[in-house]
Amino acid sequence: MYHILIIEDDRALNSGVVLALKNQEDKFIQCYNLAEAKASWQKERIDLMILDVNLPDGSGYELLELVRKDSDIPVLMLTANDLEMDEVTGLSLGADDYMTKPFSLAVLRARMEVLKRRIQREKKTQEAYEIEDFVFDYEKLLFTYKGREITLSRNEQKLLKLFLEHQGQVLTREVLVDRLWTDGAEYVDENALSVTVNRLRKKLEAGDRACGYIQTVYGLGYVWKKEV
């Protein structure tokens with residue numbers, strides 16, 4: 001399931017994009033201005049972004065710069081500006097694709113499928129993470145620090161992978177619970193997530209490795225800091 005953030009101030013077009021892309025798997029977060037988009041970026045897990053340039057309270061380029069400080073998720077820009085320089089600006093700031101209005105919803109859908117396939121390719125190739133003296137190898141299910149193995153439970157492995165895939169991005173408690181306990185359970189003890197996070201944190205910080213990667217964002221959830 002992909003979490004797709006759509007930032008477009010034209011509500012009819014925003015809804016039209018959702019209808020064009022909608023399927024049973026993906027989740028859509030709709031925003032209509034820059035402030036809403038920034039808030040959603042901070043609290044939601046986002047895999048793909050469709051971003052309008054001209055927003056009522058600012059420029060989409062501002063959000064693009066913010067996103068690129070912490071993430072390389074695919075971003076497709078939408079704009080009524082059809083000048084070559086506008087497209088160059090968007091691509092130079094890190095946009096992956098650029099469409100000018102008016103546009104075909106069918107073409108938008110096709111381009112989004114291309115971006116989804118890119119995510120899948122990257123996930124297949126990104127099975128091992130090396131961070132300082134840590135190696136987290138998901139292909140071999142081997143997790144080490146300076147060559148010494150760290151034993152992680154299944155949920156701790158899943159939680160670690162979520163953090164590694166979204167470094168620098170706040171993951172809310174709701175998102176983490178939803179991703180960790182996907183067995184259809186109707187009720188999950190609220191304390192279960194805290195226990196799992198604390199166990200993972202202790203295992204990563206045991207002995208001489210006070211890494212401090214997993215940090216609590218009070219009132220929201222947790223974030224894996226890229227630099228600690």
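Two strands pair if DSSP finds at least two bridges between them. Strands (E, at least two residues) and helices (H or I, at least four) are DSSP runs, numbered from the N terminus. The structure is a predicted model, in which local features need pLDDT of at least 70, side-chain atom pairs count only at pLDDT 80 or more, and totals for chains, interfaces and linings use all residues. Residues are numbered from 1 along each chain as its sequence is written, and side-chain values use heavy atoms, with hydrogens and water left out.

Strand β14 pairs with β12 (residues 171-172) through two bridges, and the two run antiparallel. Here threonine 172 has glycine 221 of β14 as its bridge partner. Strand β13 (residues 214-217) also runs antiparallel to β14, joined by four bridges. Glutamine 215 faces valine 223 of β14. The β13 and β14 hairpin has three residues between its strands, and glycine 219 takes a positive phi near 85° there.

Buried means under 20% relative accessible area, exposed over 50%, and partly exposed in between (1.4 Å probe, protein chains only). Beyond its neighbours within four places in sequence, Trp224 is in contact (heavy atoms within 4.5 Å) with residues including Phe136, Leu160, Phe163 and Leu204.

Helix α6 returns in the largest pocket: α5 (105-125) and α6 are the elements that give two or more residues to its lining. On a 1 Å grid over the protein atoms alone, a pocket is an open set of points where a 1.4 Å probe fits, with protein on both sides within 12 Å along at least five of seven lines; lining residues have an atom within 4 Å of a point. The lining has 20 residues, and Asp72, Glu122, Leu164, Glu165 and His166 lie nearest the pocket centre.

Leucine 91 lies in helix α4 (residues 84-92). Leucine 91 counts as partly exposed because its relative accessible area is 40%. Leaving out residues up to four places away in sequence, leucine 91 touches Asp96 and Asp97.
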